[in-house]
Amino acid sequence: MSHKPIYLDYHATTPCDQRVAEIVLHYMTNTFGNASSIDHIYGDKADIAVKQASKQIADLVGALPREVIFTSGATESINLVLQGLPSSGKKRIAVLPVEHKAVLDTCEVLSKKGLAEIVFLHVDRQGKLNLKHLEQVCAEGLSLLCVMAANNEIGTIYPIQAVGAIAQKYNIPFLCDGSQAVGKIPIDFTECGITYLAISGHKLYAPKGIGALIVKKGHYLEPIIHGGGHQKGMRSGTLNVPGIAGLGEACRLRQLEMAEDEKVIATKRDRLQTLLQESIPDLVINGDRTNRLAGNLHISIPSIPNKAIIARIRDRLAISTGSACSSGVEAPSHVLQAIALPENLIEGALRISIGKFTTDEECDRAANILAEAVHQVRQLILV
């Protein structure tokens, strides 16, 4: 009996929820107007959909609807903040060394152009943030503080409320990449003192190519896309109404279902983790095991190259050797290097991420597939 390949790469992207897909289709084929067309009812209906989505997104993250700016995704949202931050001189930006490449690569470009000085915050072997060092850095003055809500590889969740309190104490704008966390853990934009929050639709069961940036009331960013002055002049371009409506619906559903879903997901993750530990005794679990995303299981199999495992399972099981943002790039994970993981564990690292549609049966089969692949590679090494 041939099985459909098992999908356990939810940190890379999620399948679109069928209920969300129906909303997207409706706004592509039926209510397809341009939200900026003010002269007829098609435009009116599209505008209503955008306003409704703004409210649904704001409700999920504790923001105001008028603080929502729509983008193509978290990468654009992050670029808009880093490149559009008003500044009278060279910016001083503090970042986690385990941030997504959207943050790190943009910071590197700004640094190379002489537009910014980048300060790296300290993390330990679990990827946990050193709050004492963070406070020291903030006390010296910053143009911007960047701390993600949760890591996309090892799943470590960051103490955003504590970070926001320190940022507010020193009057520093705070950019939080919420792409892996929004819709999985509670985040309150206002209470946490966040200035800019990046959201990605395809990480929470909405389509790819749609995202949002929540910009705290009273703050402004120089646009990086010009043409029409849409969205308070911060991001021009015809609004992606189907994507926006889909993102709004996905956020509404996450608000209703997140707490229960994440409990179930954590139970499935723990089941898979136990099965793997039983069949692969030297398996190492990476990251902060007491404070990680429910669906995250980042493992290393010492001295077993991850590429050898992937080659044997890729048509049956979808997992990854690292972040999808660097796919195709033959380089060790910057996250695993930043947490000083030993080289033999970096070489054997695999990211497994489960989600809302993962079944117990898939977890059981995945454990068998992985254990069998490890056994095959070990036999070759011994020969």
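Just after helix α6, Asn171 adopts a positive phi of about 55°. This briefing concerns a predicted model, in which local features need pLDDT of at least 70, side-chain atom pairs count only at pLDDT 80 or more, and totals for chains, interfaces and linings use all residues. Residues are numbered from 1 along each chain as its sequence is written, and side-chain values use heavy atoms, with hydrogens and water left out. Helices (H or I, at least four residues) and strands (E, at least two) are DSSP runs, numbered from the N terminus.

**Residues with positive phi**

- Asn171 is a residue other than glycine, and its place is in the loop between α6 and β6.
- Asn171 is exposed, with a relative accessible area of 70%; buried means under 20% relative accessible area, exposed over 50%, and partly exposed in between (1.4 Å probe, protein chains only).
- Ser303, which is not a glycine either, has a positive phi of about 65°.
- Ser303 is found in the loop between β10 (296–300) and α8, and with a relative accessible area of 48% Ser303 is partly exposed.

**The pair of helices α5 and α6**

- Two packed helices are described by the angle between their axes and the distance between the axes.
- The axes of α5 (residues 131–139) and α6 (residues 160–169) come within 10 Å and cross at roughly 20°; axes are lines fitted to C-alpha atoms, for helices over the stretch in contact, and angles run from 0 to 180 degrees between N-to-C directions.
- The two helices α5 and α6 are therefore roughly parallel to each other (angles under 35 degrees count as roughly parallel, over 145 as roughly antiparallel, 65 to 115 as roughly perpendicular and the rest as oblique).
- The crossing of α5 and α6 is right-handed, a term used if the near helix is turned clockwise from the far one by less than a right angle.
- On the α5 side, the contact (heavy atoms within 4.5 Å) is made by Leu131, Leu134, Glu135 and Cys138, and on the α6 side by Ala162, Val163, Ile166 and Lys169.
- These contact residues divide into six nonpolar, no polar and two charged; Ala, Val, Leu, Ile, Met, Phe, Trp, Tyr, Cys and Pro count as nonpolar, Asp, Glu, Lys and Arg as charged, and the others, Gly among them, as polar.

**Buried faces of the two helices**

- The buried residues in α5 are His133, Leu134, Val137 and Cys138.
- They cover an arc of only 140° around the axis, which puts them on the same side of α5; the arc is that of the directions from the helix axis to the C-beta atoms.
- The packing partners of the buried α5 residues are β3 (91–95), β4 (116–120), β5 (144–146) and α6.
- In α6, the buried residues are Ile160, Val163, Gly164, Ile166 and Ala167.
- Their arc around the axis is only 160°, which puts them on the same side of α6.
- The buried residues of α6 pack against α5, β5 and β6 (174–177).

- Ala94 lies in strand β3 and is buried, with a relative accessible area of 0%.
- Apart from neighbours within four places in sequence, Ala94 is in contact with Val119, Leu121, Val137, Leu142, Leu144, Leu145 and Cys146.
- Asn306 lies in helix α8 (residues 306–313) and counts as buried at 8% relative accessibility.
- Apart from neighbours within four places in sequence, Asn306 is in contact with Thr321, Ile346, Glu347, Gly348, Ala349 and Leu350.
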